[in-house]
Amino acid sequence: MTTALSRSEFEHALRDKGRYYHIHHPYHVAMYEGRATREQIQGWVANRFYYQVNIPLKDAAILANCPDRDVRREWIQRILDHDGAPGEGGGIEAWLKLAEAVGLDREQVLSQELVLPGVRFAVDAYVNFARRASWQEAASSSLTELFAPEIHRARLSSWPRHYPWIDQDGYDYFRTRLGQARRDVEHGLSITLEHYTTWDAQQRMLEILQFKLDILWSMLDAMSMAYELQRPPYHTVTNERAWHRGIAP
C-alpha cells in the first residue's frame, strides 16, 4: 500500500496542476498579449457567460448534498457572490456589464444563443458532476480557484492597455473576484486537505482537479475553432448558428 502524501506534499501536488490552467491556453495568451480581435473577445465573454450562470447551480448542488451545517453556512456565500444578495447585482450582473462593455447586446447574451455546443457540453458536464459526486468531491473540484487570482490580475493589467475600446466599468467583475477567489481558496483547500488523507483518495482528488482543468481548456478549444480558425459548428453547410440553445427538462 502506497503511503499517503503529507498535508504539505498534497497541497504542493494540487498547486502543481496550475501548469494546466487555462491561462496558458493560446486563446487566453492572445487576449493578454493584445492579439485578440474584437470578435474573439466578444465570443469569449458571451460563451463564458454560460459558465458564470451555472456556477450557482453547481454550488447549490454541493449544498444539497452536504449534511454539514457549518460548511453550508460558508459555502452559500458563493451563490450570493454570483446571484447577488437582495438589492445587489452580484457576479452575473457584473458579467453582463462586461458584455455590454465589449459591445455585446445584453439580451442576446442572456438568451445564450451565442453559446457554442462545445462550451455548453463542458459546463453541463461540470454541473452534472457536482450533482452526482459526494459534496467533498464537488467542493474540491472548485480548486481551480487556486490559480484564479493570477488570471484576474493579468486581465486587469493587460486589457486596458491593449483594448482601449472596452469600457472601464466592465472590469468590475475581475476586481471583485480578486478578493472573493482568495477567500474561496482558503475554504476549499481546507476541506480538501482534511478530507483526502489516503494515497488513493489523494490521487482521486488530483484526477478530479484535472477533470475541472479539462473543462476550462475544452471551452477555449471550442472558442478557438469558432473565432480563430473560423470553423464554428456546421461551418461547411451553413453560415447560421444552427446548434441547439439548450434543451428544456
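**Figure 1. Aromatic pairs, and the meeting of W44 and W159.** Searching the whole of this predicted model turns up 14 aromatic pairs. Let's begin with W44 and W159: their ring centres lie 5.6 Å apart and their planes meet at 70°, so this pair is edge-to-face. The two tryptophans come from distant parts of the chain, with W44 in helix α3 (residues 38-65) and W159 in helix α9 (residues 148-162), 115 residues apart. W44 counts as buried, at 1% relative accessibility, and W159 is buried too, with a relative accessible area of 0%.

**Figure 2. A stacked tyrosine pair, Y51 and Y126.** Here is an aromatic pair of the stacked kind, with 6.4 Å from centre to centre and 10° between the planes. Y51 belongs to helix α3 and Y126 to helix α7 (residues 117-132), so the pair ties together parts that are 75 residues apart in sequence. Are these two tyrosines buried or exposed? Both Y51 and Y126 are buried.

**Figure 3. The aromatic cluster and two arginines over rings.** One aromatic cluster is formed by W44, W95, W159, Y163, W165, Y171, Y173 and F174. If you look at W165, you will find R38 over the face of its ring, at 4.0 Å from the ring centre. Another arginine, R120, lies over the face of Y50, at 4.7 Å from that ring's centre.

**Figure 4. Helix α3 and its kink.** Where does α3 kink? The kink, of about 30°, lies at N54, shortly before the proline P56. Of the 28 residues of α3, 21 are buried, so this helix is largely enclosed by the rest of the structure.

**Figure 5. Salt bridges, starting with R78 and E145.** Side chains of opposite charge can pair when their charged atoms come close. The count of salt bridges comes to 14. In one of them, R78 pairs with E145, and their closest N and O atoms are 3.0 Å apart. Distant parts of the chain are linked here: R78 sits in helix α4 (residues 69-83), and E145 in the loop between α8 (135-140) and α9, 67 residues apart. R78 and E145 are both buried.

Figure 6. R204 and E137 bring their side chains together in a salt bridge, at 2.8 Å from N to O. Since R204 lies in helix α11 (residues 199-228) and E137 in helix α8, the pair ties together parts that are 67 residues apart in sequence. R204 is partly exposed, with a relative accessible area of 42%, whereas E137 counts as buried at 14% relative accessibility.

Figure 7. The side chains of R177 and D184 form a salt bridge, at 3.5 Å from N to O. Both R177 and D184 are buried.

Definitions and conventions. Residues numbered from 1 in each chain as written. Predicted model: local features only at pLDDT ≥ 70, side-chain atom pairs only at ≥ 80, totals over all residues. Heavy atoms only, no water. Phe/Tyr/Trp six-rings, centres within 6.5 Å; stacked < 30°, edge-to-face > 60°. Helix = DSSP H or I, 4+ residues; strand = E, 2+ residues; numbered from the N terminus. Buried < 20%, exposed > 50% of the residue type's maximum accessible area, 1.4 Å probe, protein only. Lys NZ or Arg CZ within 6 Å of the ring centre and 35° of its normal. Bend = angle between axes of the 7 residues up to and from the residue. Salt bridge = Lys/Arg side-chain N within 4 Å of Asp/Glu carboxyl O.
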